[in-house]
Amino acid sequence: MANDGVPALHPLLRGRSSPTGFDRRHAVTPEEMTSLIEAARWAPSAGNSQPWSFLVALRGDTTHERLVRHLARSSARWAPDAGALVVNLAHRYVAGTDWEYSEFALYDLGQAVAHLTVQAAALDLQVRQFRAFSLEGVVEEFGIPDHWQVTSMTAIGRATASGGTEAPARERRSVTDLLWPPSGE
Ligand SMILES: Cc1cc2nc3c(=O)[nH]c(=O)nc-3n(C[C@H](O)[C@H](O)[C@H](O)COP(=O)(O)O)c2cc1C
């Protein structure tokens, strides 16, 4: 319990942060990566639609080489050092149509990535999700069909001691400010 009677945040959540400094000597093993995808696999989704897919690249493999070419200038400064990069894809449409596969596809993908993030913390790995890359470049490079939406990437690895210098200070709105109605509205 925290002093004010509010239960303490679980250490896996309390200890999580998104570094921009990754130890380039540290490798994410295929077994760890399977465990991370397994965590995503067990995330809840609307109607159990599981509208997600993950394009996995381990540093040093060909997929990684192809992926880092499409990083934005900002993420190229730190993301290639991470042991793994994962492209997060949402199943947005039924193939060959403009019908939504699930109206919750993006919501569910985010939830699956959140599960992966907590599992990473349990494996003493750190994660930074990011959007600073060329969507078009990744779509073209890997021949992603229209009904899948390349949404974000996740860099996974062991943070350097400093955690990097590019992340801004971690600030959060207060708990009361999160409660409806939002203040000032
Ligand atoms: C969908 C999404 C997109 C993000 N895009 C970027 C990005 O392009 N570049 C970056 O450095 N960080 C990016 N981040 C990381 C956030 O900036 C970071 O999670 C936020 O500042 C909170 O910090 P914390 O995760 O350490 O609590 C992104 C995070 C999410 C969830």
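Ala, Val, Leu, Ile, Met, Phe, Trp, Tyr, Cys and Pro count as nonpolar, Asp, Glu, Lys and Arg as charged, and the others, Gly among them, as polar. By class, the shell around the ligand in this predicted model comprises 3 nonpolar, 3 polar and 5 charged residues. The residues of this shell are Arg16, Ser17, Ser18, Trp78, Arg128, Gln129, Phe130, Arg131, Ala132, Arg170 and Arg172.

A polar side-chain atom of Ser18 lies 2.4 Å from a ligand oxygen. A polar backbone atom of Arg131 is 3.0 Å from an oxygen atom of the ligand, and for a backbone N or O atom of Ala132 the corresponding distance is 3.1 Å. The ligand on its own has 630 Å² of accessible area, of which the protein covers 61%.

The model contains 7 salt bridges. One of them joins the side chains of Arg41 and Glu38, with an N to O distance of 3.0 Å. These two residues stand 3 residues apart in helix H2 (residues 30–41), and are therefore separated by about one helical turn. Arg41 is partly exposed, at 45% relative accessible area, as is Glu38, at 36%.

Glu141 forms a salt bridge with Arg66 (2.9 Å, N to O). Because Glu141 lies in helix H6 (residues 135–142) and Arg66 in helix H3 (residues 62–68), this pair ties together parts that are 75 residues apart in sequence. Glu141 also forms a salt bridge with Arg69, the closest N and O atoms being 3.4 Å apart. Through shared partners, Arg66, Arg69 and Glu141 are joined into one network of salt bridges.

Note on methods. Residues are numbered from 1 along each chain as its sequence is written. This is a predicted model: local features need pLDDT of at least 70, side-chain atom pairs count only at pLDDT 80 or more; totals for chains, interfaces and linings use all residues. Side-chain values use heavy atoms; hydrogens and water are left out. A residue is near a molecule or strand if one of its heavy atoms lies within 4 Å of it. A polar contact is a pair of N or O atoms within 3.5 Å; within protein, one must be able to donate a hydrogen and the other to accept it, and residues adjacent in sequence count only if both atoms are side-chain atoms. Accessible areas come from the Shrake-Rupley method with a 1.4 Å probe; for residues, only the protein chains shown count as cover. A salt bridge is a side-chain nitrogen of Lys or Arg within 4 Å of a carboxyl oxygen of Asp or Glu. Helices (H or I, at least four residues) and strands (E, at least two) are DSSP runs, numbered from the N terminus. Buried means under 20% relative accessible area, exposed over 50%, partly exposed in between (1.4 Å probe, protein chains only).
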